[in-house]
Amino acid sequence: MSKFNKKKKGGIPSISTASLPDIVFMLLFFFMVATTMRQNTLMVANKLPIADQVEKLEKKDLVIYIYAGKPSSRYQSNAGTEGRVQLNDKFASLEDIQSYVLAERNKMREELVPFQVTALKIDGQTNMGLVGDIKKELRAVQALKVNYTTRTGALSDVFH
């Protein structure tokens with residue numbers, strides 16, 4: 001009589017899946033925490049100009065964004081190829097800027113309104129006449145804190 005039994009030849013033992021729900025929930029929570037929602041869908045070309053002296057804005061919730069540039073290729077059939085203004089997720093005319101700024105200002109708490117900043121995200125190929133017109137509309141509603149959003153880099157990168 002033998003003391004030891006031979007192992008039975010059989011299939012591979014099944015893998016325990018008890019920890020699988022824990023892994024799935026851990027991944028789910030990670031993506032929920034790490035993901036940010038896009039604010040606006042960009043409809044205009046937006047290759048920002050380069051600047052070498054740049055400051056970051058501290059409170060981004062006080063910033064109103066205005067985009068300007070040629071419509072991207074996807075929207076050129078409807079919007080044309082001239083420089084356009086984008087407010088939130090749609091094209092707008094220059095006359096819409098005042099009402100947009102006032103509406104955004106009304107959403108803010110009253111004590112934060114003096115700290116409101118208007119950020120202009122303007123494509124580098126945009127006509128300066130359009131930029132001047134945007135600034136006139138902003139002056140009309142007393143939105144005098146204007147920020148030009150740029151990319152960081154040396155100017156020598158542009159001119160070689």
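Predicted model: local features only at pLDDT ≥ 70, side-chain atom pairs only at ≥ 80, totals over all residues.
# Reasoning about helices, pockets and loops

Student: Which residues of H4 are buried, and what puts them on the same side of the helix?

Tutor: Leu 130, Val 131, Ile 134, Glu 137 and Leu 138 are the buried residues of H4. They cover an arc of only 120° around the axis, and it is this arc that places them on the same side of H4. On the other side of H4, Met 128 and Lys 136 are exposed.

Student: What do the buried residues of H4 pack against?

Tutor: Their partners are S2, S3, H3, strand S5 (117-122) and S6.

Student: How do you know that the length of H3 agrees with 1.5 Å a residue?

Tutor: H3 has twelve residues, which should span 16 Å, and its end C-alpha atoms are 17 Å apart, so the two values agree.

Student: What makes the buried residues of H3 lie on the same side of that helix?

Tutor: The buried residues of H3 are Ile 97, Tyr 100, Val 101, Glu 104 and Arg 105. Around the axis they cover an arc of only 130°, and therefore they sit on the same side of H3. Among the elements that cover these buried residues are S2, strand S3 (84-87) and helix H4 (128-140).

Student: Which residues line the second largest pocket, and which elements give two or more residues to its lining?

Tutor: The second largest pocket, with a volume of about 220 Å³, is lined by Gln 39, Asn 40, Lys 60, Asp 61, Val 63, Ile 64, Tyr 65, Asn 88, Tyr 100, Glu 104, Lys 107 and Met 108. Strand S2 (63-69) and helix H3 (96-107) are the elements that give two or more residues to this lining. By class, the lining has five nonpolar, three polar and four charged residues.

Student: Where is Gln 142, and why is it called exposed?

Tutor: Gln 142 has its place in the loop between H4 and strand S6 (146-148). Exposed means over 50% relative accessible area, and Gln 142 has 56%, so the word applies. Phi of Gln 142 is near 60°, again a positive value in a residue other than glycine.

Student: What is the volume of the largest pocket, and which residues are the closest to its centre?

Tutor: The largest pocket has a volume of about 460 Å³. Of its 14 lining residues, Val 54, Glu 55, Lys 56, Leu 57 and Asn 147 are the closest to the centre. The lining as a whole divides into five nonpolar, four polar and five charged residues.

Student: Is Leu 57 buried, partly exposed or exposed, and with which residues is it in contact?

Tutor: Leu 57, found in the loop between S1 and S2, has a relative accessible area of 30% and is therefore partly exposed. Leaving aside its neighbours within four places in sequence, Leu 57 is in contact with Val 63 and Asn 147.

Student: Why is Met 37 called exposed?

Tutor: Met 37 lies in the loop between helix H1 (20-34) and strand S1 (50-51). Its relative accessible area is 74%, and because exposed means over 50%, Met 37 is called exposed.

How values were computed: Residues numbered from 1 in each chain as written. Heavy atoms only, no water. 1 Å grid on protein atoms, 1.4 Å probe; cavity = no way out; pocket = protein on both sides within 12 Å on 5 of 7 lines; lining within 4 Å. Points joined across faces, edges and corners; volume = space filled by probe spheres on them. Nonpolar A, V, L, I, M, F, W, Y, C, P; charged D, E, K, R; others polar. Helix = DSSP H or I, 4+ residues; strand = E, 2+ residues; numbered from the N terminus. Expected span 1.5 Å × (residues − 1). Buried < 20%, exposed > 50% of the residue type's maximum accessible area, 1.4 Å probe, protein only. Arc of directions from axis to C-beta. Contact = heavy atoms within 4.5 Å.
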